[in-house]
Amino acid sequence: MKSAIINARIIDTKNDIDDVGGILIDEKGFVEAIGKEVTKNNVGDVKIYDCTNKIAIPGVIDGRVFAGEPGFEYKENYRTLSQAAISGGVTSVVTMPNTDPVIDDVSTFDFIKRRARDKSLIKIHSLASLTKNLDGNEITEFGLLKLSGAIGFTDGIKCVQSNNVMDKIFNYAKNQNALIVQMPQDNELSKNGVINEGLIATKLGLKGIPDYAEHVVIERDLRLLSQYKSKYHIALLSSGKSLEIINEWKSKNIDFTTGVSINHLSLNENDIGEFRTFLKLSPPLRTEQDRLDLIKGVKNGTIDIIVSDHKPEDEESKRLTFQKCATGSSGIETFLSLALEQYHNGNLELKTIIKAITENPAKIFGINAGSLEKGMPADIAVIDLEKPWVVKRDQIQSKSKNTAIEDKKLQGKVEKTFLNGKLVFEIQ
Amino acid sequence: MALFKTKQAVKYEKKHLLGIQDLSIPEIVHILNESQSFVELNRKENKKLSLLKGKTQINLFFESSTRTLSSFELAGKRLGADVMNMNVSNSAIKKGETLIDTAMTLNAMHPDILVIRHGDSGAANLLSRKVNCAVINAGDGWREHPTQALLDAMTIKMKIGKIEGLKIAICGDIMHSRVARSNIYLLTMMGAEVRVIAPSTLMPKEIHQFGVKVYTNMEDGLKDVDIIMMLRMQLERMDGSYIPSTREYYEFFALDYKKIKHAKEDALIMHPGPMNRGIEIDASLADDINRSIIVQQVEMGVAVRMACLKILMENQI
């Protein structure tokens, strides 16, 4: 049966839509019509969802997610990830290859593809690793993995250190038109570091990671990129100064894209307080100035996408000293609401945020989503922009509860999520 | 007669003693005033009290220690507590048990006080949230070693009669030193002018924001100081990773008769121990009875720890 969302404020940045109207969804779950003319009287006998005073946007694409499969199913699996995702309006995710075994060959890739098909509600788009077993030495089969469906290549939480290997990666990826995704961090400069280097690190007595551990890798990668002009995406930025380097290279017509996690737009090193392990992130949270610079980066387009960097960790991995505990926070279901905070506090325009979590990731990762023109899969998030709520640990859907923003008051919540035209989530 | 005659004293009423950062000036004054009676007691023939009779004190040391461990053991025993030392090198921790599991196990034995030393910053804070008894931090990572700072302040006060207005230089591996951090907090709070002297590779970032003066050479840093606190230099930091060699460090940063001339004529030397003679300090200078008050530090250590144990036990009632 066909269905229709009506009376919603529809925001689709790709098609430059920001108007009250409706979306007609055909029997197969694709968008049949969108706009003012889709009203209750015009759509005929279809299932109607009246979304007066609500916002309808393309289903959110989360560009950096750790899914737990295979090997870490006790932290997260495709089923729990899906539940968490749809409750936050996320309908597509880009998953990382930091699994056990590592997603570095065709057979493992095929295995997770089948698992995702059978177990996942949301759309899983997997990145394979850049190097075999994430060891930074030998490049993986970019061509064969791409044929299998890998949308790009990354060592995920690891960063390729060797200049020689990175040179070969850029060079070879060009042949295969493969997307390279890198989290820039120099291993030696960040060795044993657990927190931003500076006053807080000194106070807490923890080994710091200097921001230039990020800069040196960005400089190197962009230098190499300028030789080959391959497809390159910087997964996560944490330092404001990185933006200066990026703009310098962009002014030389070097083409690449960048991302930032919502954590780094919302929190800074001070929030770690007295050793709050859920706020131990990689890259680390940095200063308030860095946070403000990163927001500016999103605002002026230097940063293309915002991601949740959803990294579920079980209790045992976080109930340790700050030095020993795992990095990362669970955040896929609070992702959109937390991003809206930057709209409510006046830092970012609504359409800038939406573009960075729908249109842009779709373009970078080559995903058929992120917009709602006729013929697109009807993946849609309906949001109550004003609804206040509080993040509570016991209400988290993800298998792991390591949220960095427990008890935080947020404004704006997902009311309904549609996936391929089907209502898969509705707020209680 | 109280040690501090003019300063207001307020009893410390928190459950745990985790760091100098959590203390106020009147609370520090109170702890040091309390310590004074124990200094006197410890010099008597009969040193035993029964203030902590029936109480159980567990010293949980994840890092090797001789003087701090024996100091806490003696302090507990002189107050009448039953003291148990946990030797972690042959315990379950080495078999993969987490700190919290160990804490829960010990907690089930109903101790009244846990004294913990751990290599990770924040370990004592973590433990204190999981157990019912009082926790004393006997050193956590690079963060704090509050009883060391208290005993250092006690030593200075007993020896010179004041802390306020003194120029005190802390020299050596500031970056990796919890002793330095706790002393910086305490001595600046008490009104001393604190200087830190270290090669810049061993100087923590933003340390000037702690209200100290930062020096990278001994001659300038030691100028006119009343007290020189030398820190222990870990040998593994001098293999080219932070410092090129031991002899280069000795030449530029060790305290010897030549460098001490820059300090006040009667400047005193302190060291938290154990000392590396011939590496951070000239061997005979360390033994110079006109200069070195290192032995007094050890003596004050027992008294200050007795005061801390007593105060925390009173807070439990």
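Tutor: The contact (heavy atoms within 4.5 Å) takes 25 residues from chain B and 18 residues from chain A. This is a predicted model, in which local features need pLDDT of at least 70 and side-chain atom pairs count only at pLDDT 80 or more, while totals for chains, interfaces and linings use all residues. Residues are numbered from 1 along each chain as its sequence is written, chains are lettered from A in the order in which they are written, and side-chain values use heavy atoms, with hydrogens and water left out.

About 1,800 Å² is buried between chain B and chain A, and carbon and sulfur atoms give 53% of that area; buried area is the accessible area (1.4 Å probe) that two parts lose on being put together, summed over both. On the chain B side, the residues that lose the most area to chain A are Asp120(B), Ser121(B) and Lys205(B), together 28% of what that side buries.

Lys205(B) also forms a salt bridge with Glu197(A), with the closest N and O atoms 2.6 Å apart. The rule (a side-chain nitrogen of Lys or Arg within 4 Å of a carboxyl oxygen of Asp or Glu) finds 3 salt bridges across this interface.

By class, the side of chain B that touches chain A has 10 nonpolar, 8 polar and 7 charged residues. Here Ala, Val, Leu, Ile, Met, Phe, Trp, Tyr, Cys and Pro count as nonpolar, Asp, Glu, Lys and Arg as charged, and the others, Gly among them, as polar.
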